[in-house]
Amino acid sequence: MKLSHILLIALVLGVVVGYYAEPGVAPILQALVKKEAKPVATRDEWDDLADENRPDTDVEEPKPEEPKPDEPKPEPEPEPVDGFVDGEEEGEEEDPEGTSPRKIKRYLGEDDGMRPVKEEKYIGKITGANWRQPAMLERRLAGNLRQALKKLDQKGVAEFLKKPENRLMLAQWELLNLADMDGLSKLMKDRETAEDLALLLNDLPWVSSFVYDGQLEKPEVALAMIRHFRQNDPNMDKDVLYEGGTEDAGNTQPGLKRRIAAAVAVQFTRNGWYGDGREMTPEEIEELKVLGNMGAPRRRGKKEKPDVFKDARERYSFFAESADKELLHSGFANLPGWLMHIVCGWKGNSPFGTATTMRWLRDNCAAPAMRYTGMAFQVPYLPLNVSGDVIFSNFYYEPFQSLYPDNFAKMTRDVGAVCGGLSHFGTSAACANGVPAVTMGEPGHCAYAVYADGKWNPSNSLSEDRHPHWNCWGDYSWSAFTMMTDMFQNGARTRDAQMVATMASVLAKHKNPINALKLYELSATMQPLNQPIWAMYMETAAKYLKRQPRKWLGVNEFICSSVAPQHPAMCASFLTDNIYPSMLATLRSPKQKIAAFETLFNNFNINEKAEWDMDKLLDMQYASLGKSRSLKKEFFEDLFDSVSKHPSFSLAVAWAIRTSYAENKNFGKQVLEMVEKAMETCTDKDLMVAGIIRGAEAVGNIELATQYSEPYVKKKEAEMKPLPKFEPVGGNLVSEGGLVTLTKYHPDFRSAIYHGAALTPAGGLIQSDGGKHQKVTVELKKAATLGGVIIIPTSGSAAGYYEWNLEVSKDGKEWTHLAKLPNNVNGPVRVHIKKNNPTAKFIRIDSGEGQLIGINFRALLIYDNKKVH
Amino acid sequence: MTIRKFTNIFACGVALAALSLASAWSAQRVATYSEALEKAGDDGIIAYCYGPDWNRRSVRMLNTFWKNPDTEAAAGNAVMVAIPFYEDSNHPKAGEAADIRGDFPDPPFGVCPLVVMLDKTGKAYAHMPGSDYLGDEDGEKGRENIRNYLTKFRKYQEIIKKLGLHEAGAQDDATGSMRGEERAKLIAEALDLQLYIPGGAIASMPPHTNPQLLKELELADPADKTGLVRRYKHVELQFRYKLYDTTDGFLKPDFVPDIDMIKDECFKIIKDPAYRPFDRQSAYLAYIGQARREGIQPNQLKGHIKKMGEIDPNTVLGRGAQALHDLWGSIKVKKTPEQRKAARQKKKEEAKKKKDKKIRDRRQNEAIEF
């Protein structure tokens, strides 16, 4: 090679090396070429920026202790303290009402009693050999716990809970209590399995979360699943922070993979999501009870058995790998257990939950948590696809499915969907990125909610009548969901309360129901928002507090003061389902009942718009009073007093008017007078009037409805801008003074005051809730031969959106179709009946099948066909 | 080797190096979006959006992709700016980030990592979100896409300049004289580049049409002599909804599809090569779908699907044709031709009955005037 060639190569190499080397030659060369070039930040600055979210590497976690095979005792015995069972607390007089405010205050940690305990890292000593005999282990743990509880008073319970070994014992016993012993025995028969799982089952934060952060069903199956995950991921316990690995690889929190495993296993087991991408037959599910070989393919005849944990394993792997590579939202690693359950347990049986789909969503839809509320709208809303197949048919996605193998989310985004697909896309995108989200059912619609900024944020939502598709206790109502959220947000106290309930269960199971009752009471007192604990508490109380009215009044007082203010619907549900059946039977004196109800009324103090089953509660209370009018009046007085202070409770007025008028017209008038009196001190009289009108509409009392609507006709006329111009249909207005009724009122039923005005040219407001077949009915003062109808939708809404039906009737029972309204008209709709004019007393508009949003009218004017006077 | 020869070689080397540097470092990095707007030239701005406090991947890609000199090389003469989007508005650096961002629009759907390519006025002509566009963390796919989009953008600008649309009222002699078909073809070329797609980053089924250029196209060829107006004016979704007499995609309860009308309308599109292949295939699929619902024999269905795929095997529908051929071609139609005929007759009768009912209703409605 000639020197010139060498020099040339050297020069080119020098340039290339200089180009890549930074700092050094490159900046100089760069400056030569482009003087103005200026990096946005130095390398160090970038690194700083990139390092902002690095975990604190100083955190050290102890390695779990290896269980010793010859461990004699499963748990150390707790030190005995003063007797909980044997007597009341020292220095405290017996509280005849059971749960006094003073006690409550103390239990809630405002005093020196029961303070929440934070779950600390603790590794227990129960060996695999112990777990191989779960029935014996359960008896042993129960024995230890009973022994300890025998000596405990309420303070002692607090002290007991402070010791991690005791907490571990409680969580372990709870797990054993929930498990099918045969199944668990079969699982633990394998020595290696038992020893491996013992590592987890001795880890206090893990086992505590496994047992209490969601509804643990079939723990033996969940444990089999976890064992399977561990066999497939030998690195589950090898947390880089334990191992001293670098920050660039590895999850951000010790034990994260274990937590993921627990969340996936609990949710997949609970929902019965077993299989390899298909639904399993009942026989195959039945075979899951044979736990010894679960997860491993086996032969059955000539056919391979399904890989029953394939979907769950893939879900675990997805989150474990994503967490390891730090591909999830930075908040994921610190999610509390229940939110981890929601994220990792996102629909295991849905095409939106496959590993391919979730990987694609993770890599293409990463966004700040709150932005997931808009993520659904990437998907075009298309009910009809390119081949003319409707979304509800099986053919909708078929022309495209070969192009998106296993990636349903991407196909949905490219092809389209309707509400369900949109909401699943948004939810799936959030969960795939480690952000909690749930889909929700609404009347005729599917919405979703995203957990961001410490609360659930509804999206694609049309109604407040929401039913999240995830729940902890089998109650799918939005009220239960928000209460559960509040409960878990106070995580430490909730956990303590759950552990106290476990203590109660130990005693209940071992024939000590009276003391179990005391502990259930304590548990419910510590965390009153825990629905299952109330159920267990009341079930026990129903048996053993039959003759203790004061005790029941105490329970009533407690639940009313602690649950009703923030969660009135759930409080009403507790009362009607769990407490009233026993309490009302126990209280002999009607005065006591009235007092108990008054306690509740006094505690409703928030403006909860969503309509809940208030009628069921009030019906139950009212029925318990017997026939005495004076008692009933006393009841109404308390009720209206409460409404006057908390007008959002005005639905009760509607109930009262309806109930009293239905009972007796005169009695109704007396009740009305009481409402009038209460209105004098009410801050929101309109809402109470809305209650009266709604009640009058329910009993078909035109006079009453008109009487209370009339002032608002003038008010509306004076306040509102006039109705848009419309071409009259001739005839005399016959709707004025009529009665409006709705199938389902809008949750904000205040608009009822303007129902009367909406039947006049002044214009008012008629608002129904969303959903199919919403009906607005007008009963005329007297039957008329119709000449036409004018409908004026509110601005921004449309009449006849999906071709509503206009129907007429003489008696309100037999209906005749009159016309289909034109589609999607934003201005006034004019219906002129030129011949065959029907005679009717009732006219109604039925929104039909397609309608999802509510009906919104400013006016509904009905004319006869006579000459105008 | 003489000294002169050596000097020549050295000079060549220096020239080569300078050339390589010129192409490699032509892009410049700036600290803020407002600075980017000030300095942007014809190659516009390329912005990288990342989430420092919530998305580790996008932060890592600052080093592996964005800071990579190869990315600068791919960015041509564009001005490069990295824009942080903090989730936590109280983060100590959130204020500083807001200054960097200035008037830069929020990423569509908040998705990061994201590359946004903008012209010098700050109007985004391409969005590249997530791994579909940026690939792995090394960013190789991202660079390739940047190069592709930049090439397209340069071509687009060239066309726009030729068309005299680069500045308001700027039509020089060369462009001013360009009228009619020639101009329409140029506009079509620009439209095919698929830049400035409305809706931002996420595009559903292609192709899309730039509404501004479509207007120009209509002006250039008002009689549609080139066929380009109907080609780009055709909106598949509107066509679809027209076939099924719907405005929102929901079929009316008493709607009976008219196979003959659907066939006529679809084949007008299928047979006209002026339409884009995807649109012709969509029309074909609309007919195929209806034919399937009418119970056409599998062999016939297969034949149509095959033909549909052959229009353009590279489109979404072309690529999916073989699988659809196997899937729908295997649908068993148990009826004999006679039975099908009878079923069709019955359906027609039912439709007639419905029609009669409609007439009756109309008569009743005649009594009513809206």
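Reply: This is a predicted model, and chain B has a mean pLDDT of 84, with 81% of its residues at 70 or more. Within chain B, confidence is highest in strand 2, at a mean of 98, and lowest in helix 8 (residues 173-176), at 47. One covers residues 15-25, where the model has 18 contacts beyond near neighbours in sequence. The other covers residues 169-175, with seven such contacts. Where pLDDT is low, the predicted coordinates should not be read in detail. For the model as a whole, the scores are ipTM 0.85 and pTM 0.80.

Strand 2 of chain B, where the confidence of the chain is highest, spans residues 45-50 and pairs with strand 3 (residues 79-84) of chain B. The two strands are parallel and share six bridges. In this pairing, B:Tyr50 is opposite B:Pro84 of strand 3 of chain B.

The bond between B:Cys112 and B:Pro113 is cis, with omega about -5 degrees. B:Pro113 belongs to the loop between helix 5 (94-101) and strand 4 (114-118) of chain B.

Four strands of chain A form an open sheet in the order 5-4-3-6, with antiparallel pairing. At the edges stand strand 5 (455-459) and strand 6 (467-468) of chain A; each has a single partner strand, so one side of each has no neighbour in the sheet. Strand 3 (residues 437-442) and strand 4 (residues 445-452) of chain A run antiparallel and are joined by six bridges. There, A:Thr439 is opposite A:Tyr448 of strand 4 of chain A. This sheet also has a helix across it: helix 21 (residues 419-432) of chain A lies over strand 3, strand 4 and strand 5 of chain A, at about 20 degrees to strand 4 of chain A.

A further strand pair in chain A is a hairpin. Strand 10 (residues 805-809) and strand 11 (residues 816-820) of chain A are antiparallel and joined by four bridges. A:Glu807 is opposite A:His817 of strand 11 of chain A. Six residues lie between the strands of the hairpin, in which A:Gly812 has a positive phi near 80 degrees. A positive phi, of about 55 degrees, is also found at A:Lys511, although A:Lys511 is not a glycine. A:Lys511 sits in the loop between helix 23 (491-509) and helix 24 (513-526) of chain A.

Chain A also has helices that pack against each other. Two packed helices are described by the angle between their axes and the distance between the axes. For helix 26 (residues 549-562) and helix 27 (residues 568-586) of chain A, the axes come within 10 Å and cross at roughly 165 degrees. An angle over 145 degrees counts as roughly antiparallel, and helix 26 and helix 27 of chain A are therefore roughly antiparallel to each other. Their crossing is left-handed. Residues in the contact include A:Trp552, A:Val555 and A:Ile559 of helix 26 of chain A, and A:Phe574, A:Leu575 and A:Ile579 of helix 27 of chain A. By class, the contact of helix 26 with helix 27 of chain A has 10 nonpolar, three polar and no charged residues.

In the second pair, helix 30 (residues 629-645) and helix 31 (residues 651-663) of chain A pack with their axes 9 Å apart, at an angle of about 150 degrees. That makes helix 30 and helix 31 of chain A roughly antiparallel. This crossing is left-handed. A:Phe636, A:Leu639 and A:Val643 of helix 30 of chain A meet A:Ala652, A:Val653 and A:Ala656 of helix 31 of chain A. The contact of helix 30 with helix 31 of chain A consists of six nonpolar residues, with no polar and no charged ones.

Definitions and conventions: Residues are numbered from 1 along each chain as its sequence is written. Chains are lettered from A and ligands numbered from 1 in the order in which they are written. This is a predicted model: local features need pLDDT of at least 70, side-chain atom pairs count only at pLDDT 80 or more; totals for chains, interfaces and linings use all residues. Axes are lines fitted to C-alpha atoms, for helices over the stretch in contact, and angles run from 0 to 180 degrees between N-to-C directions. Angles under 35 degrees count as roughly parallel, over 145 as roughly antiparallel, 65 to 115 as roughly perpendicular and the rest as oblique. A crossing is left-handed if the near helix is turned anticlockwise from the far one by less than a right angle, and right-handed if clockwise. Two residues are in contact if their C-beta atoms, placed from the backbone, lie within 7 Å. Ala, Val, Leu, Ile, Met, Phe, Trp, Tyr, Cys and Pro count as nonpolar, Asp, Glu, Lys and Arg as charged, and the others, Gly among them, as polar. Two strands pair if DSSP finds at least two bridges between them. pLDDT is the predictor's confidence in each residue, from 0 to 100.
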